[in-house]
Amino acid sequence: MTSQKNSRRRFLQRVLVSGGALLLSGCDQLSRSEWFAKLLGSAERLSFAAQRLLLTRKAMAQEFTEADLSPDFRSNGTSNPDNPEYQALAAGRFADYRLQVGGLVARPRTYSLDDLKALPSRTQITRHDCVEGWSAIGKWKGVQLSRVLEQVEPHASARYVVFHCADPMDVSGERYYESIDLEDAWHAQTLLAYELNDVPLPIKNGAPVRVRVERQLGYKMAKYIMRIELVDRLDHIAGGEGGYWEDRGYEWYAGI
Amino acid sequence: MPSHDASERGQTAWYLRHAWPIRLMHWINVLAFMLLLMSGLQIFNAYPALNWGKSSYTGRPPILQIGARMDAQGNPVGVTRIFGHEFNTTGVLGLSGRDGERVRRGFPAWITLPGQQWLAMGRRWHFFFAWVLVVNGLAYIAYTLASRHLTRDLMPTRSDWRSIGQSFKDHLLLRRAQGEADRRYNILQKLAYLSVIFALLPLLILMGWAMSPGLNALFPGWVDVFGGRQSARTIHFAVAWLLVGFAFIHLFEVVVSGFWNNLRSMVTGRYRVADEEDGHD
């Protein structure tokens with residue numbers, strides 16, 4: 001009886017010790033294996049489905065008051081694109097800036113900054129939540145993306161709106177890009193913003209135009225937008241995951 | 001539930017203390033909580049500060065901030081600032097790792113998942129096991145209600161409340177219950193379990209949801225009830241450590257009231273009741 005008891009205890013001891021070791025070293029190996037990263041990523045689809053079930057297109061992100069504004073809206077990621085074309089546009093105070101809108105649309109067209117400002121605008125004070133954990137509150141003015149979509153008339157086959165940006169992210173010259181689906185694209189608070197806190201959008205915050213997707217995290221809100229493309233799939237663009245950070249393991253749906 | 005067992009020596013009684021669903025859900029919870037804690041600290045390290053309010057830039061300094069700086073001699077030191085008081089935490093918080101290869105980071109590599117700084121992977125672990133924790137928790141609540149485990153074993157009785165003073169004394173003196181009393185949870189144990197199940201874990205999960213910009217839009221403004229998104233992040237962090245505190249006290253009690261007997265009962269279900277006369281297991 002005693003020896004049986006001892007062997008049982010030894011077994012449990014071994015389970016505990018090896019369990020602990022597995023946790024500490026095994027998890028890091030699991031993180032690097034493709035199948036396990038994919039398995040963990042399956043929770044993303046679950047979260048996405050759950051949030052889409054709960055949130056209608058009408059569900060609005062919270063809006064704040066002037067009293068809540070952050071004293072300085074911090075810049076993150078690129079603060080000044082290392083791109084000669086962009087620098088030339090900036091030197092001319094973006095007078096020559098032309099936003100191209102195309103892809104799966106009936107009427108592709110380009111917009112100057114003045115064209116965008118001539119469209120009805122929306123102003124909103126919202127909270128910007130970075131994936132790193134911090135939040136900042138800013139006042140954005142811009143044209144609703146839906147106004148632009150109405151003008152270019154997306155084909156029925158279009159499923160995503162892709163934002164191509166001016167900022168190179170590394171020495172290879174790969175530029176930032178992002179994508180959202182039409183559910184978010186048509187949302188009332190989704191803006192092509194050209195003003196922050198009552199002044200023209202500063203370069204560090206994405207001049208001349210950045211997107212606001214208020215129900216998602218900051219990395220979805222691409223800065224320095226040069227071209228908007230409507231597509232039916234994302235796998236043929238860059239790394240195929242729908243965004244610069246998505247290609248590096250971050251979730252495409254950034255509602256959490 | 002207690003099935004009396006003829007025992008191998010005298011008065012010793014064995015019974016099935018934990019039904020298999022409870023045992024299974026307990027260990028799933030242990031695994032999920034540990035992974036959530038470690039991946040949570042990985043996520044925390046991406047912005048190793050805690051604020052109170054709607055945003056991180058309110059003009060007020062953070063409640064807690066972990067970082068690294070140079071000291072007067074020009075050597076890097078890890079510093080933790082809590083409510084304006086600064087502490088040197090070199091080696092653990094702010095600056096950690098082996099000598100010669102010290103790295104600036106909030107929490108050290110041995111407690112984060114993954115070990116290296118890797119926010120995207122930390123988030124994957126965190127949100128996968130968050131679902132595990134929530135589904136497991138809901139299954140647990142459903143089971144405890146359906147099996148009447150909740151009303152029969154966890155809800156304090158009137159005599160429990162009357163014994164609260166005695167229970168405090170027993171805990172401080174590390175005195176284990178004997179005989180019939182050892183078949184039941186004591187009042188402090190019941191209160192600890194109930195507060196973890198119905199207060200701390202739900203609050204932890206709710207504060208996790210409060211950080212989601214998507215779920216913020218469900219009822220715009222609901223997060224302000226807790227002071228805003230950054231307050232929610234601070235509460236999430238604090239509650240996680242309260243649960244770690246609970247886990248340590250829980251483990252301590254498991255050890256002092258008969259480690260193998262308790263561990264066996266949570267693995268196989270079988271528990272040996274303390275004899276009236278023989279004291280500690």
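Colleague: Which residues in α1(B) meet α8(B)?
Modeller: This is a predicted model. In it, B:His26, B:Phe33, B:Leu37, B:Leu41 and B:Phe44 are the α1(B) residues that meet α8(B).

Colleague: And what sits on the α8(B) side?
Modeller: B:Arg233, B:Phe237, B:Ala240, B:Trp241, B:Leu243, B:Val244 and B:His250.

Colleague: At what angle do the axes of α1 and α8 of chain B cross?
Modeller: At roughly 135°, and the axes come within 11 Å. Angles over 145 degrees count as roughly antiparallel. α1(B) and α8(B) are therefore oblique to each other. Their crossing is left-handed. Helix α1 of chain B covers residues 20-45.

Colleague: Now α6(B). How are α6(B) and α8(B) placed to each other?
Modeller: The axes of these two chain B helices come within 8 Å and cross at roughly 150°. That is why α6(B) and α8(B) are roughly antiparallel to each other. This crossing is left-handed.

Colleague: Where do those two helices lie in chain B?
Modeller: Helix α6 spans residues 187-210 of chain B, and helix α8 spans residues 229-256.

Colleague: What classes of residue make up the contact of α6(B) with α8(B)?
Modeller: There are 16 nonpolar, three polar and one charged residues. On the α6(B) side, they include B:Tyr193, B:Leu200, B:Met207 and B:Gly208. On the α8(B) side, B:Arg229, B:Ile235, B:His236 and B:Phe246 are among them.

Colleague: How many aromatic pairs are there over all chains?
Modeller: The count comes to 25. One of them is B:Tyr193 with B:Phe246.

Colleague: Why is that pair, B:Tyr193 and B:Phe246, edge-to-face?
Modeller: The ring planes of B:Tyr193 and B:Phe246 stand at 80°, so the pair is edge-to-face. Planes over 60 degrees apart get that label. The ring centres are 6.3 Å apart.

Colleague: Which parts does that pair tie together?
Modeller: B:Tyr193 lies in helix α6 of chain B and B:Phe246 in helix α8, so the pair ties together parts 53 residues apart in sequence.

Colleague: Switching to chain A. In what order do the five strands form the open sheet?
Modeller: The order is β2-β1-β10-β5-β6, with mixed pairing. The edge strands are β2 (109-111) and β6 (175-181) of chain A. Each of these pairs on one side only. From one strand to the next, the twist averages 20°.

Colleague: How many bridges join β1 to β2 in chain A?
Modeller: Three, and the two strands run antiparallel. Strand β1 of chain A holds residues 99-103. A:Val101 stands opposite A:Arg109 in β2(A).

Colleague: What do strands of a sheet pair through?
Modeller: Backbone hydrogen bonds, either parallel or antiparallel.

How values were computed
Residues numbered from 1 in each chain as written. Chains lettered and ligands numbered in written order. Predicted model: local features only at pLDDT ≥ 70, side-chain atom pairs only at ≥ 80, totals over all residues. Heavy atoms only, no water. Axes fitted to C-alpha atoms, helices over the stretch in contact; angles between N-to-C directions. Helix = DSSP H or I, 4+ residues; strand = E, 2+ residues; numbered from the N terminus. Parallel < 35°, antiparallel > 145°, perpendicular 65-115°, else oblique. Left-handed = near helix turned anticlockwise from the far one by under 90°. Contact = heavy atoms within 4.5 Å. Nonpolar A, V, L, I, M, F, W, Y, C, P; charged D, E, K, R; others polar. Pairing = 2+ DSSP bridges. Phe/Tyr/Trp six-rings, centres within 6.5 Å; stacked < 30°, edge-to-face > 60°.
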